[in-house]
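I set out to look up a handful of local features in this structure and to note each one with its cut-offs. The entries follow in the order in which I went through them.

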Amino acid sequence: MPERIERVPREELRVTQNERLRETVQYAYRTVPFYRETLDAAGISPAEIETVDDLSALPLTTKADFREEYPDGLFAVDDDRIRRVHASSGTTGNPKIVAYTRSDLDRWNEVMARSMAAAGIERGETFQNAYAYGLFTGGLGFHGGAEELGATVIPASSGNTRRQVELARDLESDSLGCTPSYAIYFAETAAEMGVDPRALSISTVLFGAEPCTEPMREEIESRLDATGIENYGLSELIGPGVAVECREAQSGLHVWEDHFYPEVIDPETGEPLPAGEEGELVLTSLSKEALPVLRYRTGDLTTLTYDECECGRTMVRMDGVTGRTDDLLIVRGVNLYPSQIEAVVLEFDAVAPYYRIDLYREDALDRFELTIELEAGFDGDADRLRAAVRKRLANALSITPDALELVEYGTIERTEVGKVRRVFDHR
Ligand code: DLL
(Lines give C-alpha, C1' and ligand atoms only; values in the text may rest on other atoms or scores of the structure.)
Protein backbone atom coordinates (compact mmCIF):
# COMPACT_ATOMS: atom_id res chain seq x y z
CA MET A 1 0.00 0.00 0.00
CA PRO A 2 1.52 3.36 -1.00
CA GLU A 3 2.17 5.89 1.79
CA ARG A 4 -0.62 8.35 2.44
CA ILE A 5 1.25 11.27 0.88
CA GLU A 6 1.48 9.33 -2.38
CA ARG A 7 -2.30 8.97 -2.46
CA VAL A 8 -3.50 12.36 -1.18
CA PRO A 9 -6.27 14.05 -3.09
CA ARG A 10 -4.68 16.45 -5.54
CA GLU A 11 -6.27 19.54 -3.93
CA GLU A 12 -4.56 18.65 -0.67
CA LEU A 13 -1.25 18.08 -2.44
CA ARG A 14 -1.66 21.47 -4.12
CA VAL A 15 -1.90 23.18 -0.72
CA THR A 16 1.40 21.60 0.35
CA GLN A 17 3.04 22.51 -2.96
CA ASN A 18 1.91 26.12 -2.76
CA GLU A 19 3.16 26.49 0.79
CA ARG A 20 6.51 24.95 -0.02
CA LEU A 21 6.86 26.92 -3.22
CA ARG A 22 6.34 30.23 -1.41
CA GLU A 23 8.95 29.26 1.15
CA THR A 24 11.41 28.07 -1.49
CA VAL A 25 11.17 31.22 -3.58
CA GLN A 26 11.61 33.49 -0.58
CA TYR A 27 14.45 31.33 0.70
CA ALA A 28 16.29 31.24 -2.63
CA TYR A 29 15.91 35.00 -3.03
CA ARG A 30 17.21 35.62 0.48
CA THR A 31 20.15 33.24 0.42
CA VAL A 32 21.39 32.89 -3.18
CA PRO A 33 22.65 36.07 -4.89
CA PHE A 34 22.10 34.44 -8.30
CA TYR A 35 18.34 34.16 -7.69
CA ARG A 36 18.15 37.62 -6.18
CA GLU A 37 19.78 39.04 -9.31
CA THR A 38 17.71 37.08 -11.81
CA LEU A 39 14.42 37.87 -10.06
CA ASP A 40 15.34 41.53 -9.71
CA ALA A 41 16.34 41.66 -13.36
CA ALA A 42 12.99 40.14 -14.33
CA GLY A 43 11.23 42.66 -12.10
CA ILE A 44 9.63 40.00 -9.91
CA SER A 45 9.32 40.14 -6.18
CA PRO A 46 9.21 36.76 -4.40
CA ALA A 47 5.95 37.82 -2.77
CA GLU A 48 4.27 37.69 -6.17
CA ILE A 49 4.72 33.93 -6.31
CA GLU A 50 1.81 32.68 -4.25
CA THR A 51 0.85 29.45 -5.96
CA VAL A 52 2.25 27.06 -8.54
CA ASP A 53 0.12 28.85 -11.12
CA ASP A 54 2.40 31.87 -10.71
CA LEU A 55 5.53 29.85 -11.42
CA SER A 56 5.72 30.69 -15.10
CA ALA A 57 6.52 34.29 -14.16
CA LEU A 58 9.88 33.15 -12.78
CA PRO A 59 12.92 32.99 -15.05
CA LEU A 60 14.22 29.55 -16.01
CA THR A 61 17.48 28.25 -14.56
CA THR A 62 19.81 26.49 -17.00
CA LYS A 63 22.74 24.12 -17.05
CA ALA A 64 24.87 27.07 -18.14
CA ASP A 65 23.89 28.88 -14.92
CA PHE A 66 25.16 25.91 -12.92
CA ARG A 67 28.41 25.94 -14.85
CA GLU A 68 28.88 29.68 -14.49
CA GLU A 69 28.24 29.55 -10.78
CA TYR A 70 30.79 26.72 -10.39
CA PRO A 71 31.61 25.49 -7.86
CA ASP A 72 29.30 26.76 -5.14
CA GLY A 73 27.63 29.96 -6.33
CA LEU A 74 24.16 28.40 -6.11
CA PHE A 75 24.57 27.04 -2.57
CA ALA A 76 22.16 28.54 -0.07
CA VAL A 77 23.86 27.53 3.20
CA ASP A 78 27.21 28.11 4.87
CA ASP A 79 29.87 25.46 4.37
CA ASP A 80 29.54 24.14 7.89
CA ARG A 81 26.01 22.97 7.16
CA ILE A 82 26.98 20.97 4.07
CA ARG A 83 27.33 17.27 4.81
CA ARG A 84 28.06 16.01 1.31
CA VAL A 85 28.65 17.04 -2.28
CA HIS A 86 28.14 15.13 -5.51
CA ALA A 87 28.85 16.10 -9.10
CA SER A 88 27.43 15.42 -12.49
CA SER A 89 30.01 15.30 -15.21
CA GLY A 90 28.34 16.12 -18.50
CA THR A 91 30.43 16.27 -21.64
CA THR A 92 31.69 19.84 -21.75
CA GLY A 93 32.79 22.51 -19.31
CA ASN A 94 32.79 22.51 -15.54
CA PRO A 95 31.04 19.69 -13.74
CA LYS A 96 27.93 20.67 -11.82
CA ILE A 97 28.66 20.46 -8.11
CA VAL A 98 25.64 19.82 -5.91
CA ALA A 99 25.36 19.94 -2.12
CA TYR A 100 23.25 18.45 0.65
CA THR A 101 22.56 19.40 4.27
CA ARG A 102 21.71 16.71 6.81
CA SER A 103 18.05 17.32 6.19
CA ASP A 104 18.52 17.11 2.39
CA LEU A 105 20.17 13.72 2.85
CA ASP A 106 17.31 12.55 5.07
CA ARG A 107 14.77 13.67 2.49
CA TRP A 108 16.75 11.99 -0.28
CA ASN A 109 16.71 8.71 1.63
CA GLU A 110 12.99 9.15 2.11
CA VAL A 111 12.18 9.73 -1.58
CA MET A 112 14.51 6.90 -2.58
CA ALA A 113 12.90 4.51 -0.08
CA ARG A 114 9.52 5.58 -1.46
CA SER A 115 10.74 4.92 -5.00
CA MET A 116 12.07 1.50 -4.15
CA ALA A 117 8.86 0.57 -2.36
CA ALA A 118 6.88 1.68 -5.41
CA ALA A 119 9.15 -0.59 -7.46
CA GLY A 120 8.02 -3.48 -5.28
CA ILE A 121 11.15 -3.84 -3.14
CA GLU A 122 10.36 -5.02 0.36
CA ARG A 123 12.00 -4.86 3.76
CA GLY A 124 14.42 -7.69 4.34
CA GLU A 125 15.14 -8.26 0.67
CA THR A 126 18.67 -8.12 -0.71
CA PHE A 127 19.36 -5.26 -3.08
CA GLN A 128 22.51 -5.37 -5.17
CA ASN A 129 23.55 -1.84 -5.95
CA ALA A 130 25.57 -1.74 -9.15
CA TYR A 131 25.26 2.01 -9.62
CA ALA A 132 28.65 3.68 -9.25
CA TYR A 133 29.50 4.94 -5.77
CA GLY A 134 31.33 8.23 -5.74
CA LEU A 135 30.59 11.64 -7.14
CA PHE A 136 27.78 10.17 -9.26
CA THR A 137 24.51 10.29 -7.30
CA GLY A 138 23.35 6.81 -8.36
CA GLY A 139 25.37 4.70 -5.92
CA LEU A 140 24.87 6.57 -2.68
CA GLY A 141 21.33 7.60 -3.63
CA PHE A 142 20.12 4.02 -3.97
CA HIS A 143 22.23 2.94 -1.03
CA GLY A 144 20.53 5.38 1.32
CA GLY A 145 17.07 4.53 0.04
CA ALA A 146 17.57 0.80 0.41
CA GLU A 147 18.79 1.16 4.01
CA GLU A 148 15.93 3.49 4.82
CA LEU A 149 13.48 0.96 3.43
CA GLY A 150 15.01 -1.83 5.46
CA ALA A 151 16.54 -3.83 2.64
CA THR A 152 19.99 -5.41 2.86
CA VAL A 153 22.33 -3.56 0.52
CA ILE A 154 25.21 -5.11 -1.35
CA PRO A 155 27.28 -1.99 -2.17
CA ALA A 156 28.82 -3.58 -5.25
CA SER A 157 29.20 -0.31 -7.16
CA SER A 158 29.78 -0.52 -10.91
CA GLY A 159 32.29 -2.66 -12.77
CA ASN A 160 33.95 -5.88 -11.67
CA THR A 161 31.13 -7.70 -13.36
CA ARG A 162 32.20 -11.31 -12.84
CA ARG A 163 32.42 -10.60 -9.14
CA GLN A 164 28.93 -9.06 -9.29
CA VAL A 165 27.52 -12.18 -10.87
CA GLU A 166 29.06 -14.33 -8.13
CA LEU A 167 27.65 -12.03 -5.47
CA ALA A 168 24.19 -12.13 -7.02
CA ARG A 169 24.32 -15.92 -7.16
CA ASP A 170 25.86 -16.56 -3.74
CA LEU A 171 24.01 -13.89 -1.76
CA GLU A 172 20.80 -14.49 -3.69
CA SER A 173 20.16 -10.87 -4.59
CA ASP A 174 16.47 -10.14 -5.03
CA SER A 175 16.96 -6.94 -6.99
CA LEU A 176 19.64 -5.21 -9.00
CA GLY A 177 20.12 -1.47 -9.46
CA CYS A 178 22.07 -0.32 -12.53
CA THR A 179 21.89 1.47 -15.87
CA PRO A 180 19.92 -0.34 -18.60
CA SER A 181 23.07 -0.97 -20.63
CA TYR A 182 24.77 -2.48 -17.61
CA ALA A 183 21.84 -4.80 -16.93
CA ILE A 184 22.37 -6.30 -20.38
CA TYR A 185 26.11 -6.54 -19.85
CA PHE A 186 25.58 -8.18 -16.47
CA ALA A 187 23.33 -10.85 -18.02
CA GLU A 188 25.79 -11.37 -20.82
CA THR A 189 28.71 -11.80 -18.41
CA ALA A 190 26.74 -14.29 -16.33
CA ALA A 191 26.03 -16.36 -19.41
CA GLU A 192 29.71 -16.29 -20.36
CA MET A 193 30.56 -17.58 -16.90
CA GLY A 194 28.15 -20.46 -17.32
CA VAL A 195 25.66 -18.93 -14.87
CA ASP A 196 22.13 -18.83 -16.29
CA PRO A 197 21.08 -15.20 -15.68
CA ARG A 198 17.41 -16.21 -15.73
CA ALA A 199 17.97 -18.68 -12.93
CA LEU A 200 19.41 -16.03 -10.59
CA SER A 201 17.04 -14.85 -7.88
CA ILE A 202 16.94 -11.27 -9.20
CA SER A 203 13.27 -10.46 -9.73
CA THR A 204 13.49 -6.68 -10.15
CA VAL A 205 15.90 -4.47 -12.03
CA LEU A 206 15.83 -0.85 -10.91
CA PHE A 207 17.24 0.73 -14.03
CA GLY A 208 17.80 4.41 -14.77
CA ALA A 209 20.25 7.22 -15.46
CA GLU A 210 20.12 6.57 -19.23
CA PRO A 211 17.32 6.48 -21.79
CA CYS A 212 15.80 3.05 -22.24
CA THR A 213 13.47 2.22 -25.12
CA GLU A 214 10.74 -0.41 -24.84
CA PRO A 215 12.66 -3.04 -26.83
CA MET A 216 15.67 -2.46 -24.54
CA ARG A 217 13.49 -2.94 -21.47
CA GLU A 218 12.16 -6.17 -22.96
CA GLU A 219 15.73 -7.35 -23.48
CA ILE A 220 16.54 -6.66 -19.83
CA GLU A 221 13.41 -8.37 -18.60
CA SER A 222 13.84 -11.44 -20.73
CA ARG A 223 17.57 -11.86 -20.21
CA LEU A 224 17.20 -11.69 -16.44
CA ASP A 225 13.66 -13.01 -16.13
CA ALA A 226 12.88 -9.98 -13.96
CA THR A 227 10.62 -6.95 -13.91
CA GLY A 228 12.35 -3.77 -15.06
CA ILE A 229 11.38 -0.62 -13.17
CA GLU A 230 12.48 2.72 -14.49
CA ASN A 231 13.96 5.39 -12.22
CA TYR A 232 14.51 9.00 -13.15
CA GLY A 233 16.37 11.81 -11.47
CA LEU A 234 19.19 14.28 -11.84
CA SER A 235 21.93 15.62 -9.61
CA GLU A 236 20.81 19.23 -9.87
CA LEU A 237 17.53 18.37 -8.15
CA ILE A 238 18.81 15.61 -5.82
CA GLY A 239 19.91 12.57 -7.85
CA PRO A 240 17.75 9.47 -8.40
CA GLY A 241 14.47 9.68 -6.47
CA VAL A 242 12.65 12.32 -8.51
CA ALA A 243 10.33 9.87 -10.31
CA VAL A 244 9.77 6.14 -10.57
CA GLU A 245 7.44 3.65 -12.21
CA CYS A 246 5.06 1.82 -9.92
CA ARG A 247 5.22 -1.91 -10.13
CA GLU A 248 1.43 -2.20 -10.23
CA ALA A 249 0.91 -0.33 -13.49
CA GLN A 250 4.39 0.20 -14.99
CA SER A 251 2.84 2.94 -16.99
CA GLY A 252 4.76 6.17 -16.61
CA LEU A 253 6.91 7.39 -13.72
CA HIS A 254 5.28 9.00 -10.68
CA VAL A 255 6.99 12.29 -9.92
CA TRP A 256 7.34 12.91 -6.18
CA GLU A 257 5.64 16.24 -6.56
CA ASP A 258 5.55 17.07 -2.87
CA HIS A 259 9.32 17.72 -3.26
CA PHE A 260 9.85 18.37 -6.99
CA TYR A 261 7.32 20.42 -8.92
CA PRO A 262 7.24 19.51 -12.63
CA GLU A 263 6.27 21.61 -15.63
CA VAL A 264 6.70 20.91 -19.32
CA ILE A 265 7.71 23.75 -21.62
CA ASP A 266 8.16 24.23 -25.32
CA PRO A 267 11.96 23.94 -25.61
CA GLU A 268 12.06 26.60 -28.29
CA THR A 269 9.85 29.31 -26.85
CA GLY A 270 10.14 28.42 -23.15
CA GLU A 271 6.34 28.67 -22.84
CA PRO A 272 4.55 26.17 -20.54
CA LEU A 273 2.68 23.42 -22.41
CA PRO A 274 -0.64 21.88 -21.38
CA ALA A 275 -0.70 18.41 -19.80
CA GLY A 276 -0.35 15.65 -22.36
CA GLU A 277 1.93 17.57 -24.70
CA GLU A 278 5.53 16.60 -25.12
CA GLY A 279 8.20 19.12 -24.24
CA GLU A 280 11.12 19.83 -21.97
CA LEU A 281 10.78 18.95 -18.31
CA VAL A 282 11.34 21.85 -15.91
CA LEU A 283 11.63 21.12 -12.20
CA THR A 284 11.45 23.30 -9.09
CA SER A 285 12.63 21.93 -5.77
CA LEU A 286 10.11 22.39 -2.95
CA SER A 287 12.10 21.31 0.09
CA LYS A 288 15.82 21.60 -0.62
CA GLU A 289 18.08 23.44 1.82
CA ALA A 290 21.62 23.43 0.44
CA LEU A 291 20.66 23.89 -3.18
CA PRO A 292 17.17 25.18 -3.89
CA VAL A 293 16.45 25.25 -7.64
CA LEU A 294 13.82 27.34 -9.34
CA ARG A 295 12.46 26.23 -12.71
CA TYR A 296 15.43 24.16 -13.77
CA ARG A 297 15.54 23.22 -17.45
CA THR A 298 16.43 19.55 -17.38
CA GLY A 299 16.90 19.21 -21.14
CA ASP A 300 14.86 16.00 -20.89
CA LEU A 301 11.86 15.53 -23.16
CA THR A 302 8.71 14.04 -21.70
CA THR A 303 4.95 14.33 -21.26
CA LEU A 304 2.96 14.67 -18.02
CA THR A 305 -0.24 12.73 -17.36
CA TYR A 306 -2.56 13.65 -14.52
CA ASP A 307 -4.95 10.73 -15.08
CA GLU A 308 -5.55 8.47 -12.14
CA CYS A 309 -3.15 5.55 -11.97
CA GLU A 310 -4.43 2.08 -11.19
CA CYS A 311 -1.95 1.82 -8.31
CA GLY A 312 -3.86 4.45 -6.33
CA ARG A 313 -1.08 7.02 -6.34
CA THR A 314 -2.31 10.49 -7.19
CA MET A 315 1.06 11.93 -8.09
CA VAL A 316 1.47 12.94 -11.72
CA ARG A 317 3.21 10.58 -14.11
CA MET A 318 5.88 11.44 -16.66
CA ASP A 319 6.72 9.33 -19.68
CA GLY A 320 10.10 7.68 -19.78
CA VAL A 321 12.65 10.14 -21.13
CA THR A 322 13.72 8.93 -24.54
CA GLY A 323 15.43 12.08 -25.69
CA ARG A 324 17.24 15.12 -24.42
CA THR A 325 17.12 18.44 -26.20
CA ASP A 326 20.89 18.26 -26.60
CA ASP A 327 20.81 14.69 -28.00
CA LEU A 328 18.96 15.86 -31.06
CA LEU A 329 20.91 14.93 -34.16
CA ILE A 330 20.23 16.88 -37.28
CA VAL A 331 21.31 14.70 -40.16
CA ARG A 332 20.84 16.10 -43.64
CA GLY A 333 18.05 18.24 -42.31
CA VAL A 334 16.22 15.37 -40.61
CA ASN A 335 15.72 15.65 -36.83
CA LEU A 336 16.58 12.43 -35.12
CA TYR A 337 16.97 11.17 -31.56
CA PRO A 338 19.31 8.23 -30.94
CA SER A 339 16.53 6.43 -29.07
CA GLN A 340 14.40 6.45 -32.23
CA ILE A 341 17.12 4.53 -33.98
CA GLU A 342 17.41 2.16 -31.02
CA ALA A 343 13.69 1.48 -31.04
CA VAL A 344 13.75 0.52 -34.73
CA VAL A 345 16.93 -1.53 -34.69
CA LEU A 346 16.14 -3.57 -31.57
CA GLU A 347 12.87 -4.74 -33.02
CA PHE A 348 14.93 -7.22 -35.02
CA ASP A 349 15.52 -10.43 -33.10
CA ALA A 350 18.79 -11.00 -34.90
CA VAL A 351 20.20 -7.73 -33.52
CA ALA A 352 21.93 -7.60 -30.12
CA PRO A 353 21.30 -4.53 -27.94
CA TYR A 354 24.54 -2.87 -28.97
CA TYR A 355 24.92 -0.23 -31.64
CA ARG A 356 26.79 2.96 -32.40
CA ILE A 357 26.09 6.01 -34.50
CA ASP A 358 28.92 7.93 -36.18
CA LEU A 359 28.35 11.24 -37.88
CA TYR A 360 30.84 12.93 -40.19
CA ARG A 361 30.83 15.91 -42.48
CA GLU A 362 32.15 15.27 -45.97
CA ASP A 363 32.19 17.98 -48.61
CA ALA A 364 29.63 19.97 -46.65
CA LEU A 365 27.34 16.93 -46.47
CA ASP A 366 26.46 14.87 -43.42
CA ARG A 367 27.51 11.26 -43.42
CA PHE A 368 25.62 8.93 -41.09
CA GLU A 369 27.13 5.55 -40.25
CA LEU A 370 25.31 3.02 -38.17
CA THR A 371 26.98 -0.03 -36.70
CA ILE A 372 24.83 -2.74 -35.17
CA GLU A 373 25.79 -5.94 -33.52
CA LEU A 374 24.41 -9.34 -34.43
CA GLU A 375 23.08 -11.74 -31.81
CA ALA A 376 25.48 -14.45 -30.68
CA GLY A 377 25.53 -17.35 -33.13
CA PHE A 378 23.77 -15.44 -35.91
CA ASP A 379 23.63 -17.69 -38.96
CA GLY A 380 21.07 -15.88 -41.10
CA ASP A 381 21.52 -13.91 -44.28
CA ALA A 382 23.32 -10.67 -43.35
CA ASP A 383 22.50 -8.93 -46.64
CA ARG A 384 18.80 -9.56 -46.19
CA LEU A 385 18.90 -8.32 -42.63
CA ARG A 386 20.78 -5.20 -43.71
CA ALA A 387 18.19 -4.46 -46.37
CA ALA A 388 15.34 -5.01 -43.92
CA VAL A 389 16.87 -2.67 -41.31
CA ARG A 390 17.42 0.01 -43.95
CA LYS A 391 13.85 -0.28 -45.09
CA ARG A 392 12.46 -0.02 -41.55
CA LEU A 393 14.64 3.02 -40.81
CA ALA A 394 13.50 4.71 -44.00
CA ASN A 395 9.84 4.04 -43.22
CA ALA A 396 9.95 4.95 -39.57
CA LEU A 397 12.42 7.83 -39.58
CA SER A 398 12.73 8.95 -43.19
CA ILE A 399 16.44 8.42 -43.14
CA THR A 400 18.81 5.64 -44.08
CA PRO A 401 22.44 5.44 -43.04
CA ASP A 402 25.15 6.01 -45.62
CA ALA A 403 26.83 2.94 -44.25
CA LEU A 404 25.17 0.22 -42.23
CA GLU A 405 27.66 -2.19 -40.79
CA LEU A 406 26.64 -5.45 -39.16
CA VAL A 407 29.31 -6.65 -36.79
CA GLU A 408 29.79 -9.91 -34.97
CA TYR A 409 28.50 -10.36 -31.47
CA GLY A 410 30.89 -8.88 -28.91
CA THR A 411 32.51 -6.36 -31.27
CA ILE A 412 31.08 -3.12 -29.90
CA GLU A 413 32.79 -1.95 -26.76
CA ARG A 414 30.82 -2.59 -23.53
CA THR A 415 30.39 0.09 -20.88
CA GLU A 416 31.18 -1.32 -17.48
CA VAL A 417 31.34 1.94 -15.55
CA GLY A 418 29.37 5.12 -16.13
CA LYS A 419 26.79 6.00 -18.73
CA VAL A 420 26.87 4.36 -22.10
CA ARG A 421 27.90 6.45 -25.10
CA ARG A 422 26.50 5.46 -28.47
CA VAL A 423 26.72 8.62 -30.56
CA PHE A 424 30.01 9.86 -31.93
CA ASP A 425 29.52 13.13 -33.73
CA HIS A 426 32.75 13.93 -35.56
CA ARG A 427 31.33 16.96 -37.35
O1 DLL B 1 21.63 9.99 -13.59
C2 DLL B 1 20.58 10.22 -11.45
C3 DLL B 1 20.10 8.82 -11.53
C4 DLL B 1 20.86 7.80 -11.04
C5 DLL B 1 18.84 8.53 -12.03
C6 DLL B 1 20.41 6.49 -11.07
C7 DLL B 1 18.36 7.25 -12.07
C8 DLL B 1 19.15 6.22 -11.59
P9 DLL B 1 22.87 12.71 -13.42
O10 DLL B 1 24.15 11.98 -13.56
O11 DLL B 1 22.90 14.10 -12.90
O12 DLL B 1 21.91 11.95 -12.45
O13 DLL B 1 22.17 12.70 -14.84
C14 DLL B 1 20.88 13.20 -15.00
O15 DLL B 1 20.46 11.61 -16.76
O16 DLL B 1 18.85 14.77 -16.83
C17 DLL B 1 18.62 12.57 -17.86
O18 DLL B 1 19.09 13.16 -19.04
C19 DLL B 1 19.39 11.28 -17.61
N20 DLL B 1 18.49 10.31 -16.97
C21 DLL B 1 18.36 10.01 -15.67
N22 DLL B 1 17.42 9.05 -15.50
C23 DLL B 1 16.95 8.76 -16.74
C24 DLL B 1 15.97 7.87 -17.26
C25 DLL B 1 21.42 10.67 -12.61
N26 DLL B 1 15.27 7.05 -16.47
C27 DLL B 1 20.42 12.99 -16.42
N28 DLL B 1 15.75 7.88 -18.59
C29 DLL B 1 18.99 13.39 -16.64
C30 DLL B 1 16.43 8.70 -19.40
C31 DLL B 1 17.62 9.58 -17.66
N32 DLL B 1 17.36 9.54 -18.99
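I began with R295, which counts as buried because its relative accessibility is 2%, buried meaning under 20% relative accessible area, exposed over 50% and partly exposed in between, with a 1.4 Å probe and protein chains only. R295 lies in the loop between β11 (279-285) and β12 (296-302), and its phi is near 45 degrees, a positive value in a residue other than glycine. For the element names I noted that helices (H or I, at least four residues) and strands (E, at least two) are DSSP runs, numbered from the N terminus.

Before going on I wrote down the basis: this is a predicted model, in which local features need pLDDT of at least 70 and side-chain atom pairs count only at pLDDT 80 or more, while totals for chains, interfaces and linings use all residues. Residues are numbered from 1 along each chain as its sequence is written, and side-chain values use heavy atoms, with hydrogens and water left out.

I then looked up A209, in the loop between β6 and α9, where phi is near 80 degrees, again positive in a residue other than glycine. A209 has a relative accessible area of 32% and is therefore partly exposed.

In helix α9 (residues 214-224) I found P215, M216, R217, E219, I220, R223 and L224 to be the buried residues. They pack against several elements, among them α8 (180-192), β7 (227-234) and α10 (338-345). Just after α9, D225 takes a positive phi of about 45 degrees.

Next I turned to helices α5 (residues 102-118) and α6 (residues 137-149), whose axes come within 7 Å and cross at roughly 75 degrees, the axes being lines fitted to C-alpha atoms over the stretch in contact and the angles running from 0 to 180 degrees between N-to-C directions. The two helices α5 and α6 are therefore roughly perpendicular to each other, a term for angles of 65 to 115 degrees. Residues making the contact (heavy atoms within 4.5 Å) include W108 and M112 of α5 and F142 and L149 of α6.

My last entry concerns the ligand, which has 23 residues around it, N231, S235, D300, R324 and K419 coming nearest; a residue is near if one of its heavy atoms lies within 4 Å. An N or O atom in the side chain of S235 is 2.5 Å from an oxygen atom of the ligand, and for the side chain of R324 I noted 2.5 Å from a ligand oxygen atom to an N or O atom. A backbone N or O atom of E210 lies 3.2 Å from a nitrogen atom of the ligand.

Note on methods: Parallel < 35°, antiparallel > 145°, perpendicular 65-115°, else oblique. Polar contact = N/O pair within 3.5 Å; in protein donor to acceptor, adjacent residues only side chain to side chain.
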